[in-house]
Amino acid sequence: MESSYVKTGVKPQRVVQVTRVESFSAAHHLHSNCLSAEENKKIFGKCNNPNGHGHNYKVEVTVRGEINQATGMVINLTELKEHMQEAIMKPLDHKNLDKDVPHFANVVRNQDQELQLASYSAPTAVLAEIG
């Protein structure tokens, strides 16, 4: 059986995945101005603590693509790290999500779930930027 390389004369590209993992800590406070203090406490429990409470988060960014023949890389890992720092770590690490991150201002919902959505769009935009 002939390979496609023999038929076309074009060497097939290898496709690989590279994943970078970062961890960060952030705090938040769940509260609705539409509810009484008693209702907020009943619904949100300890998450309604006026001083907030913290979580540790792990973010995984996976890049999949063909290996660049000139560099031997799918993506420059140093650039990926720098872009993750700008898009994820600087805006979120050791921040109060309610007060320090505009995306979460006046949002009443489970911010752990919302953070998954926000974190997903940030690296996507960054990776599009670095091509």
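These are my notebook entries on a predicted model.

**Ground rules.** I count residues from 1 along each chain as its sequence is written.

Entry 1: I looked up the strands first. Strands (E, at least two residues) and helices (H or I, at least four) are DSSP runs numbered from the N terminus. I found an open sheet of 3 strands in the order β2-β1-β3, with mixed pairing. Two strands pair if DSSP finds at least two bridges between them. The edges are held by β2 and β3, each with a single partner strand, so one side of each has no neighbour in the sheet. I then checked β1 against β2: they run antiparallel and are joined by 14 bridges.

Entry 2: I looked up where α3 sits. It lies across β1, β2 and β3 and runs at about 20° to β1. Contact here means heavy atoms within 4.5 Å. The axes are lines fitted to C-alpha atoms, for helices over the stretch in contact, and angles run from 0 to 180 degrees between N-to-C directions.

**Entry 3: the core.** I looked up the largest nonpolar core, which has 16 residues. Such a core is a set of buried Ala, Val, Leu, Ile, Met, Phe, Trp, Tyr and Cys residues joined through side-chain atoms within 4.5 Å. Buried means under 20% relative accessible area, exposed means over 50%, and partly exposed is in between (1.4 Å probe, protein chains only). The members that touch the most others are Phe 24, Val 61, Leu 80, Ile 88, Leu 92 and Leu 97. Two or more residues each come from β1 (15-28), β2 (53-66) and α3 (77-92). The largest share, 6 residues, is from α3.

**Entry 4: the aromatic pair.** I found 1 aromatic pair in the structure. Rings of Phe, Tyr and Trp (its six-membered ring) pair if their centres lie within 6.5 Å; planes under 30 degrees apart count as stacked, over 60 as edge-to-face and the rest as tilted. Phe 24 and Tyr 57 are stacked, at 5.1 Å centre to centre with 20° between the planes. Phe 24 is in β1 and Tyr 57 in β2, 33 residues apart, so the pair links distant parts of the chain. Phe 24 is buried at 2% relative accessible area, and Tyr 57 is buried at 14%.

**Entry 5: salt bridges.** I counted 3 salt bridges, each a side-chain nitrogen of Lys or Arg within 4 Å of a carboxyl oxygen of Asp or Glu.

- Glu 22 meets Arg 20 at 3.1 Å, N to O; Glu 22 is buried at 11%, and Arg 20 is partly exposed at 25%.
- Lys 58 meets Glu 60, with the closest N and O atoms 3.2 Å apart; Lys 58 is exposed at 57%, and Glu 60 is partly exposed at 48%.
- Glu 86 meets Lys 90, with the closest N and O atoms 2.6 Å apart; both lie in α3, 4 residues apart, about one turn of the helix.

**Entry 6: His 94.** I looked up the loop between α3 and β3 (95-96), where His 94 lies. Phi of His 94 is near 55°, a positive value in a residue other than glycine. Most residues other than glycine have a negative phi. His 94 is exposed, at 65% relative accessibility.

Definitions and conventions: Predicted model: local features only at pLDDT ≥ 70, side-chain atom pairs only at ≥ 80, totals over all residues. Heavy atoms only, no water.
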